[in-house]
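Morning, everyone. Please bring up the sequence and the model, and I will walk you through a few places in the chain.

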Amino acid sequence: MLSRLLACTAITLTFSTPAWAEARDADAVDLAAARERAETTVKAMKQDEKTVITHGIMPLPGAGKAVEIPEDAIIGAGYIHGVPRLGIPALRETDASLGVSWVTGARKDYSTALPSAVGQASTWNDALIEQGGAMIGAEARAKGFNVLLAGGANLARDPRNGRTFEYFSEDPLLTGELAGSAIRGVQSNHIISTIKHFALNGQETGRKFVDVQITPAAAHESDLLAFQIGIEKGQPGSVMCAYNRVMGEQACNSDWLLNDVLKGEWDYPGFVMSDWGAVPSIDAAMNGLDQQSGEQVDPDVFFADKLAAKAKSDPAWAKRLDDMNARILTAIYATGLDKHPAEPGGKIDWDAHAAVTEEVARQGIVLLKNEGILPLAKTAKSIAVIGGYADGGVLSGAGSSQVMGEGGPAARLPVAGSGIWAGFISESYHRSSPMKAMQAIVPEASIKYRQGQYLTDAAELAARSEVAIVFATQWMTEGLDVPDLSLPRGQDALIAAVAAANPNTIVVLETGGPVKMPWLDKVKGVVEAWYPGTRGGEAIASVLFGDANPSGHLPLTFPADESQLPRQRIDGTDWVEPDFGGNPKDGKDDLPANFNIEGSDVGYRWFARTGKKPLFPFGYGLSYTSFAHGTPTLSSMTASVAVTNTGKRQGADVVQLYLVDRAGKAERRLVGYGRVDLAPGASQTVSMKIDPRLLADWKDGKWTIPAGTYTFAAASDAESLGKTVSVKMKARSWKD
Ligand code: BGC
């Protein structure tokens, strides 16, 4: 067996560790000891105690069938009763990867929002993402939650997927490393994190019945590898299975995914919890599901009395039930959740948390185009700010992951749905105004705002200003995919009108993922700010005026248009009504999604395979300084690349290493990356350990690499390949 080689990154953080993070107790996770203790507890359980922690409710009034909400539950995503006699605590669960979720304002508190996961991934900074995880985990804990439904690790297979903003990237290495880092940070607070949604949760259209078609080989080399790396690094207490079907079976009822892959091949010791409303039947227990979540939104409560009855009459079910309990307890004991109880009313250092999210936002902002206009001169006298509610706030993504800061949204527009679920899909803006943050940097400048409904009016303001900045938004939500990659509500026309009126036009994008840019040639600057979180406005302003040097790099390919993607439209968008629930309608539930088109060639690999030229490639990002990469060297699967800041100001670079040729066949696979922060003229060598699975194919239940010469290129993005190094390798195959 080849040992696991972590792809390590050389990272320079630009701020010191806050006191709250230093104070955390860094207990090492001892899984073997946790499992032993768990088995002892299971032996002490009375029969009726064995179906207590195997199921729970969604403690949110109005969600699904009416249920009694226990007194010690906190309004949020989930509640699982404890067993006080055995010292087993109740599990109080909240969403999600971007912070403690807002649940439509049903709980009257607020939280710090990190940038969207895509925004986080654009930092390519594992250590910073771990700090982000630690920060949101600390808030969850202070609010009394001991399970954070974080760790979104699906690959962004199609940029029109409505949850693109909740996932890190299109690449298994980058996604796995960042998801693992975030989970590590969350769990450092003695709470459980999930990794989700296992697996192949690639679209929202028909989300509860879409049936993903993919070969085991392609799945292992792509989405499953991202999960595998994330689990190895983050050791999440729980895996949340997905809504979708995979090869005909619901993911939460998939013997292949849960028993064969997760618990078999990967030997995963924690527990599998269901997504909310994703359990089709009691058989899911035998197929590897350990805990039924949000049971009132499932067709039935399967994992309580019905499970107890099965266990009573059948030893195989009894054995499985013991294992379910042991797995849940292993996660509880391994994270120390029982010994360090989370109670509501904990102290939160809001300023320190704001500093973390602002740093993530700053490092994640990607400068896409700069024709000598940025950074803006602080002597600018008149600036037109147009669109995107930039006078009030920054956009956020919607659904269960929606986080809201103090005072609630600056603006909130209902979009679709009815009842409680309608609140989950409203377009909401954080109270962090880019315009106000800009004014704070240049108090003397006259900054005027137009929302941009009228092109004439926007163009007139632009014409009489030195610089025009259009804030363009693409809102995304869980539950709905976007039909295409255009900027909605006529914003392309707005940008074109403003650019025609003022040659010094800059576009700031707040988008969930890639968008088309028909106006690209007409504007001087483009900044991708994603959904930048609680302090997004400040982060955007600091990049625009050069107080921060942009260092974000795209974790997704920006296609020139949809025709370059593996499929013309997301499957089902021609007949499935957009609906947060995603349940079959009128009995029609036949929706295959053919992921075999691209197979494991997701994102930039698809572009490399088809020779298509994207608008902006994966890994791309400009800086206010410049960098040079030396020739890579290789020694026992560790690659090194010297990076030099060849420009005039301090800045951070992300050097990437791609496999470009394997035994005579052209390839494009990210095998390492490293972020370095350098003073002008300074150099640093980045070391990257290459995980052999990234070089391999999955064949007949094994990783296999062919004999031959392997060539690796240092690069600043997936298309701008630099100097190379080659090495001869012998054929080998191994199991994990
Ligand atoms: C989402 C999960 C979330 C759960 C609980 C589901 O709709 O898919 O990501 O954790 O709800 O809110």
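Start with one residue pair. Tyr 658 stands opposite Ala 713, and Ala 713 belongs to β28. Before going on, a word on the source: this is a predicted model, where local features need pLDDT of at least 70, side-chain atom pairs count only at pLDDT 80 or more, and totals for chains, interfaces and linings use all residues. Residues are numbered from 1 along each chain as its sequence is written, and side-chain values use heavy atoms, with hydrogens and water left out.

Back to strand β28, residues 708–715. Strands here are DSSP runs of E with at least two residues, helices are runs of H or I with at least four, and both are numbered from the N terminus. Is β28 mostly covered or mostly open? Mostly covered: six of its eight residues are buried. Buried means under 20% relative accessible area, exposed means over 50%, and partly exposed lies in between, with a 1.4 Å probe and protein chains only.

Now its partners. Strand β23, residues 651–662, runs antiparallel to β28, with six bridges joining them. Two strands pair if DSSP finds at least two bridges between them. Strand β29, residues 721–729, also pairs with β28 in the antiparallel sense, over seven bridges. Look for Thr 711, which stands opposite Ser 726 in β29. How many residues lie between β28 and β29 in their hairpin? Five.

Next, another group of strands. Strand β5, residues 210–213, runs parallel to strand β19, residues 591–594, and four bridges join them. Asp 211 has Pro 592 in β19 as its bridge partner. β5 also runs parallel to strand β7, residues 245–246, through two bridges. There, Val 212 is partnered by Val 246 in β7. A general point: in a regular strand the side chains alternate between the two faces of the sheet.

Now zoom out. The protein chain has 17 helices and 30 strands. Its radius of gyration is 25 Å, close to the 27 Å that the globule rule gives for 736 residues, so the chain is as compact as a globular protein of that length. That radius is taken over C-alpha atoms, and the rule is 2.2 Å times the number of residues to the power 0.38. The C-alpha atoms fill a box of roughly 80 × 60 × 55 Å along the principal axes. Of the 736 residues, 63% count as buried.

Last, contacts, meaning heavy atoms within 4.5 Å. Among those between residues at least 6 apart in sequence, 77% join residues at least 24 apart.
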